[in-house]
Amino acid sequence: MKKSVFLGTLAATTVLAGAAFAGTLDDVKARGELICGSNVALTGFGAADAAGEWKGFDVDLCRAVAAAVVGDGTKVKFVPTTGETRFTALASGEVDVLIRNSTWTYSRDNDLKFDFVAVNYYDGQGFMVKKDLGVSSAKELDGATVCIQTGTTTELNLADFFKSNNISYTPVTVGDDTEAQRQYETGACDAFTTDASGLASTRAAMADPGNHIILPEIISKEPLGPVVRHGDNNWGDVVRWTFNALLIAEEKGITKANLEEVVAAATADAAYDPEVKRLLGIDGDMGAMAGLDKEAFKRAIAVSGNYGEIFEANIGASTPIGLARGLNALWTQGGLQYAAPFR
Amino acid sequence: MTIAVEPPKAAFRLSMLIYDTRYRAMTIQVIVLALVLLFVGWLTDNTIQNLAAKDKDINFGFLWARAGYDIDQQLIPYTNDSTHGRALFVGLANTLVVAFFACIFATIIGVIAGVLRLSKNWLVARLMTVYVEVFRNIPLLLWIILSFVVLGETRPAPKDFRVTDEMIAAGESPAATMSFFDSVAITNRGSNIPAPKLTTDLGGFELLGVPFSFAVLGTLALIIGSVLVNNRVLAQAKAVQEATGDRPTTWWKSLLILFAPTLLFLWVLGFHLEYPVLKGFNFQGGISVAHSFTALVIALSIYSATYIAESVRAGILAINRGQTEAAYALGIRPGRTMKLIVLPQALRVIIPPLISQYLNITKNTTLGMAISYLDLKGTLGGITLNQTGRELECMLLMMMIYLTLSLLISSLMNIYNNAVKLKER
Ligand SMILES: N[C@@H](CCC(=O)N[C@@H](CS)C(=O)NCC(=O)O)C(=O)O
């Protein structure tokens, strides 16, 4: 009996998953709401505040997509996922898109059958230790106990790093981030490792950020970005170009504050930058090509501003997380963020 | 006397399948079976089709691929270069070892608590009632997390054990010291206990990737041999007792037979203990037992022991008081009455629920995921599943393994049950 109950649930989920497979764009439009796979609580990237409102760098991208597709940046349902549950949530159709500091890797792309449609944060894995441990380099961590979140790329990098440096460690593989932090803070682990951005955010959320240091070694490449299911190309394009729109907006100096002015100026001035006109839906009907309306990308920018604004507001130098733009500066400013032309 | 009258033989008609009570039950069963089979077939087909729609197949090939992750507690050798299949076995061994210790401790605590709950001493009986009611009525998961958090947050960090030259010069003592004559260190991460070591290595061999050492096998063989010989001695003593009424003294013979050969063997091989010492960030040497293991064993044992205590109590209460009274009338003391008269009979009532407790313990080890214990659910059903994305395969494998485990345990226990059950001759 038990077995058939299991198979029943299994079949039910696969039936549902099957139904939600292609045509995510139409599903989201029909639903009038975007379901976004998010962090459980990673301050600055994706976390609900005291009032229950979701805030963060990744969250703002979800809102921009929602604004583009259903016309309202608040029409998003955030589903908290752990490192372990996120890909199942996406594969099963529980979420439309996963925007949760997920690293783009070959096997996730090909074996897990996903599409990483953009890189919204170029990152790398680092280590955080307590200051009083007296360690200044990750190579001095021989014999240390290291807390690590399971189901992540960081788990695999960690094994490689210690092996290639011929040093040993004791892994403590924790299912969710809060528990990993608790164990690190109580001293059950000497070091905590994950993406450097995640470390900065974790440290900022601690009671005594000053007592923790992030070691200089960056041991991997972690291109983090939004993920959709493989095979739903239209939906992937919508998410990719919403992100590109935010980048182009920064490039062109379009901000949340001056958006309406730019629209007015571009409408009035026939010689105004044609790419801006196309992006904001003043010239031509570019949105229609992706199954959206004319002003889709304008609305996306209107929610929280351009890429740079979203960065500064959530994780930038003026926030407790205090991340520098670094690799994530626009290509024109020596960074890697480069959007394909909007034409 | 009734006279059987042969009913007139009616020819079989199809409608009889429904209207004739002789066939109806059969008909219903056949129909239900057919429906169930159809349903299962439809489910399987549906699953395969949906997987195909996702461009996924059912493929267990990942079990032979490099795992790439590390596991803290490994009873069989494993590195991140080993395969996912091997990680599965490391996880399985971790499941088994927790289940094994938890079953033993739960039985010991449960039997004691069950017997004491019937004690004539009011305080003792009440205390046991409180224990049983409190532990049984709070979810196991909470006990597991509680044990883990208490162990982790009340114990000192390894660095608190450190003694520096300045401290010696200043005559200060470290914040924490090792217990049991400096042999055991319990830190906020785990317990480090002395490890048995031999100076002479007899070598060994490897079977299916599991190393076996001749020294360990030899010791085991000696222990089993000693027990067998000792049983013969006891049987002889019993025969003498039955024939003459006098039981020859056997205790010194038993002691000698049970311990001397093994101890001698170990002494020749240079048996000694390796003590843990603080080196760098952690204690090194000895055996290190992570708190996730300890907490899981503690919580599983004390929780499951309450159920065992209840079945022990029920088993004892099921034995007619007349049995005890008869024993007392023969002048047998209460302790021996319990041991010789009541418990052997009570066992028959106790064992069946005990089997299901053992099964529960084994299955409940999966809750170790809450405290990052890497058992089968943690390796195969956790990291492997996640890194390979083979949800269906991992789940099916895990279900199969737990099913096999449970069936094995219950058949072993059934063999035991058959051995102790009332023999009707
Ligand atoms: N980029 C890595 C790691 C991502 C990850 O899971 N990070 C953790 C640690 S920063 C996290 O976001 N935890 C916060 C949460 O679960 O809310 C990956 O994709 O595997």
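**Stop one: a sheet in chain A**

Start by selecting residues 125–130 of chain A: this is strand β8(A), which forms 3 bridges with β12(A) in an antiparallel pairing. Keep in mind as you go that this is a predicted model. Next, show A:K130; across from it, in β12(A), stands A:H212.

Now widen the selection to the whole sheet. It is open and has 5 strands, in the order β10-β9-β11-β8-β12 of chain A, with mixed pairing. Which strands stand at the edges? They are β10 (169–174) and β12 (212–214) of chain A; each has a single partner strand, so one side of each is left without a neighbour in the sheet. Turn the view along the sheet to follow the twist, which averages 30° from one strand to the next.

**Stop two: a sheet in chain B**

Move to chain B and select residues 190–193, strand β2(B), which pairs with β9(B) in the antiparallel sense over 4 bridges. Within this pair, B:N192 stands opposite B:S288 of β9(B).

The open sheet here has 3 strands in the order β1-β2-β9 of chain B, paired antiparallel. Its edge strands, β1 (185–186) and β9 (287–290) of chain B, each pair on one side only.

Finally, select residues 291–317 of chain B. This is helix α9(B), packed on the sheet and touching β1, β2 and β9 of chain B. Its direction makes about 60° with that of β9(B).

Methods. Residues are numbered from 1 along each chain as its sequence is written. Chains are lettered from A and ligands numbered from 1 in the order in which they are written. This is a predicted model: local features need pLDDT of at least 70, side-chain atom pairs count only at pLDDT 80 or more; totals for chains, interfaces and linings use all residues. Side-chain values use heavy atoms; hydrogens and water are left out. Two strands pair if DSSP finds at least two bridges between them. Helices (H or I, at least four residues) and strands (E, at least two) are DSSP runs, numbered from the N terminus. Contact means heavy atoms within 4.5 Å. Axes are lines fitted to C-alpha atoms, for helices over the stretch in contact, and angles run from 0 to 180 degrees between N-to-C directions.
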